[in-house]
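Subject: Structure handover

Dear colleague,

Here is the structure for your files. My notes on what was found in it follow below.

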Amino acid sequence: MRLSLLALHISAGLVGILSGAAAMSFRKGSPQHALAGKIFVIAMLTLGASAAYLAFMKHQMGNVLGGTFAFYLVATAWMTARRGDGETDIFDWGALLIPLLVGTALWILGLEVVYGHAKSPAGVPVGMYFFMGSVMLLAAAGDIRMLMRGGVFGAKRIVRHLWRMCFGLFIATGSFFLGQQQVFPAWLRGSSVLFIPALLPLILLIFWLFRVRFTNAYKRMSMRRAGNVYSART
């Protein structure tokens, strides 16, 4: 069973990276973008769930939290696209608990490593606990703000969808290109070249956040229900 689940996990990861790259390459709102996005969502939900379960079986708590967070990011990004402006429900209140609890747990793990009460897995810098934990707590803060305001609207809804999808892809690329270097040729392992595909989703995330929030391209744009197109608001 573990081997079958591992094979599923690896396959989902490869499909997720390829479909995520395709979704970023196609014009936002095009049929190709929508199709690639749907494949990406299915692959990443499978990846996150299988990663959390496999890590739990190996008693790797950090990876359990990482897989859970990836699942949360993609699920909430998908729900944002499926809904119209200003829509929330009980799902959002339940989902809020994931980044809140997982982010707090990662900060606690990081502090335990710093003070010598726990040992970080080989190759995992202690700063990664605080980085990921901070991102999770910021995601929780965004959820609380959305719920208090009764949903997200217009360009802010696009931003919520984009950053969560992009960061979910970053978790996949970082885990593969930096965390699984044994699959690459010996001459490439440890090379700084692998940082390029690993960090590319973060670079694209920053680009799209600035494009949506600080340019005129999306000032009058809104993402319709199901996320099929980005359309001008009337």
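Of the contacts in the protein chain with a separation of 6 or more, 68% are between residues 24 or more positions apart. Please keep in mind throughout that this is a predicted model.

Overall build

The protein chain holds 7 helices and 2 strands. Read from the N terminus, the order of the elements is α-α-α-α-α-α-α-β-β. The C-alpha trace spans about 55 × 40 × 35 Å along its principal axes. For 234 residues a compact globule would have a radius of gyration near 17 Å, and the 18 Å of the protein chain agrees with that.

Buried residues account for 46% of the 234 in the protein chain.

Nonpolar cores

The largest nonpolar core consists of 33 residues. Within this core, the residues with the most contacts are F69, L73, L106, M132, W163, F167 and I171. Two or more core residues come from each of α1 (2-25), α2 (31-57), α3 (61-82), α4 (90-114), α5 (126-149) and α6 (154-177). Helix α6 gives the largest share, 8 residues.

Apart from neighbours within four places in sequence, L73 is in contact with W163, R164, F167, G168 and I171. Of these partners, W163, F167 and I171 are themselves listed among the residues with the most contacts inside the core.

There is also a second, separate core, which has 6 residues. Among them are A155, V159, W208 and V212.

A serine in α2

S50 is found in helix α2. Is S50 buried or exposed? Its relative accessibility is 4%, and the cut-off for buried is under 20%, so S50 counts as buried. With neighbours within four places in sequence left aside, the contacts of S50 are L5 and H9.

Charges

The protein chain carries 22 positive and 6 negative charges. The mean position of the positive charges lies 11 Å from the mean position of the negative ones.

Regards

Technical notes. Residues are numbered from 1 along each chain as its sequence is written. This is a predicted model: local features need pLDDT of at least 70, side-chain atom pairs count only at pLDDT 80 or more; totals for chains, interfaces and linings use all residues. Side-chain values use heavy atoms; hydrogens and water are left out. A nonpolar core is a set of buried Ala, Val, Leu, Ile, Met, Phe, Trp, Tyr and Cys residues joined through side-chain atoms within 4.5 Å. Buried means under 20% relative accessible area, exposed over 50%, partly exposed in between (1.4 Å probe, protein chains only). Helices (H or I, at least four residues) and strands (E, at least two) are DSSP runs, numbered from the N terminus. Contact means heavy atoms within 4.5 Å. The radius of gyration is taken over C-alpha atoms; the globule rule is 2.2 Å times the number of residues to the power 0.38. Lys and Arg count as positive and Asp and Glu as negative; His and the chain ends are not counted. The place of a charge is taken as NZ of Lys, CZ of Arg, CG of Asp or CD of Glu.
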